[in-house]
Amino acid sequence: MRNPIADRVENLRPSGIRKFFDIVSEMKDAISLGVGEPDFDTPWHIRDEGIYSLEKGRTFYTSNAGLKELRTEISKYIDRRGIAKYDPIKEVLVTVGGSEGIDLALRAMLNDGEEVIIPEPSYVSYVPCTIMAGGKPVVIPLKAKNEFRLTAEELEDVITSKSKVLILPFPNNPTGAIMERSDLEAVAKVIEKHDLFVVSDEIYSELSYKEEHVSIASLPGMRERTILINGFSKAFAMTGWRLGYCCGPELIISQMTKLHQFCIMCAPTTSQYAAVEALKHGDADVAEMKEAYNQRRRFLMNEFKKMSLPCFEPYGAFYVFPDISEFGMSSDEFATELLKEEKVAVVPGTAFGESGEGFVRISYAYSIENLKIALDRINSFIEKRRN
């Protein structure tokens with residue numbers, strides 16, 4: 001019998017994050033710092049709105065693009081954050097998480113063989129989604145000495161006649177790196193020069209600690225070149241509700257909506273009603289959770305300093321990306337041995353691209369109590385190897 005599996009799917013590498021998650025789930029007394037999921041419950045007033053929608057029997061399909069009321073609130077939210085004005089009817093699409101938005105954007109824009117520029121280390125879906133859309137991933141290895149920011153020079157160096165889309169994954173998973181306005185302005189000039197389009201993944205934009213997040217869509221000339229991806233998972237602690245959104249020019253959003261129509265129909269109705277409440281009345285919840293994450297971030301950086309474990313200071317998301325190269329192990333070996341000896345799960349940097357070698361990702365979307373226990377175990381682990 002011939003192979004029923006498509007080559008482009010069979011050759012995809014499974015997520016390096018899930019490997020350690022699956023192991024730790026069956027290990028007694030293990031602490032996982034590996035999964036990027038808020039430890040907060042969805043705020044009660046948001047849950048209550050979802051429950052109310054069920055009680056009222058609001059269990060039918062919505063329009064393909066999402067509830068008009070939700071798209072209107074998304075448009076207002078983006079506007080009041082000073083990014084851009086989007087027509088809620090023609091320029092906003094509600095998706096099943098931000099990940100679907102990434103997939104739709106690439107499939108809508110790419111012809112076979114066109115190139116997608118992907119700064120790494122970064123979220124595990126960008127390369128597979130590019131391949132599944134028929135595109136060619138072109139990776140830019142980001143550097144710790146630049147705080148894992150993308151520079152205009154690095155972008156310029158990889159552009160060819162087939163370059164079409166740049167993915168901007170900031171604030172970044174796994175490094176916690178951010179791009180400031182001056183960084184984005186320099187990159188924007190290269191984008192315009194070479195007539196590129198941007199998929200700006202801003203799922204962590206509300207969790208920016210050094211300054212307010214700047215979206216490239218807010219810069220002159222960038223709105224019409226950018227698909228802005230965001231969602232409710234990280235900022236509003238709504239991971240299981242599976243809800244995201246995309247904003248961009250009508251020309252692209254209309255084609256993304258067509259794809260969404262055929263493969264999904266519409267995002268979950270209950271989640272959409274809850275999301276309306278989140279956008280209307282959830283700013284205080286976001287601020288409270290952000291402050292808790294920032295406290296944990298500062299705690300981790302202080303503990304790494306005590307351990308003499310090198311780690312640049314991240315100013316976004318809820319991850320740190322310490323350098324473990326001194327121990328003479330690959331990132332995968334370090335994570336495997338740490339889990340085996342100390343029952344602490346972290347994610348190898350290589351799960352996010354080869355340029356992540358020599359680093360591990362640690363999530364601080366966990367309580368201070370768990371972080372203290374885990375860091376004591378990590379300290380014990382590295383001291384044994386230093387001695």
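The expected span of a helix is 1.5 Å times one less than its number of residues. Helices (H or I, at least four residues) and strands (E, at least two) are DSSP runs, numbered from the N terminus. You're looking at a predicted model, where local features need pLDDT of at least 70, side-chain atom pairs count only at pLDDT 80 or more, and totals for chains, interfaces and linings use all residues. Residues are numbered from 1 along each chain as its sequence is written, and side-chain values use heavy atoms, leaving out hydrogens and water.

**Exercise 1.** Work out what helix α3 should span, and check that against its end C-alpha atoms.

*Solution.* Start with the residues: α3 covers 44-55, which makes 12 of them.

**Exercise 2.** Find which residues of α3 are buried, and which exposed ones sit on the face turned away from them.

*Solution.* You'll need the cut-offs: buried means under 20% relative accessible area, exposed over 50%, and partly exposed in between (1.4 Å probe, protein chains only). With those, I46, G50 and S53 of α3 come out as buried. They cover an arc of only 60° around the axis, so they lie on the same side of α3; the arc is that of the directions from the helix axis to the C-beta atoms. On the face turned away from that buried side, you'll find the exposed residues W44 and E55. As for what covers the buried residues, α10 (269-281) is included.

**Exercise 3.** Locate the cis peptide bond that joins E120 and P121, then the one that joins F170 and P171.

*Solution.* Take E120 and P121: omega is about 5°, and P121 is in the loop between β3 (115-120) and α6 (126-132). For F170 and P171, omega is about -10°. P171 belongs to the loop between β5 (163-168) and α8 (181-193).

**Exercise 4.** Is E147 buried, exposed or partly exposed, and what about R242?

*Solution.* E147, in the loop between β4 (136-141) and α7 (152-158), has 30% relative accessibility, so it counts as partly exposed. Its phi is positive, near 60°, though E147 isn't a glycine. R242 sits in the loop between β7 (226-231) and β8 (244-247). At 32% relative accessibility, R242 counts as partly exposed. R242 isn't a glycine either, and its phi is positive, near 50°.

Terms used: Contact = heavy atoms within 4.5 Å.
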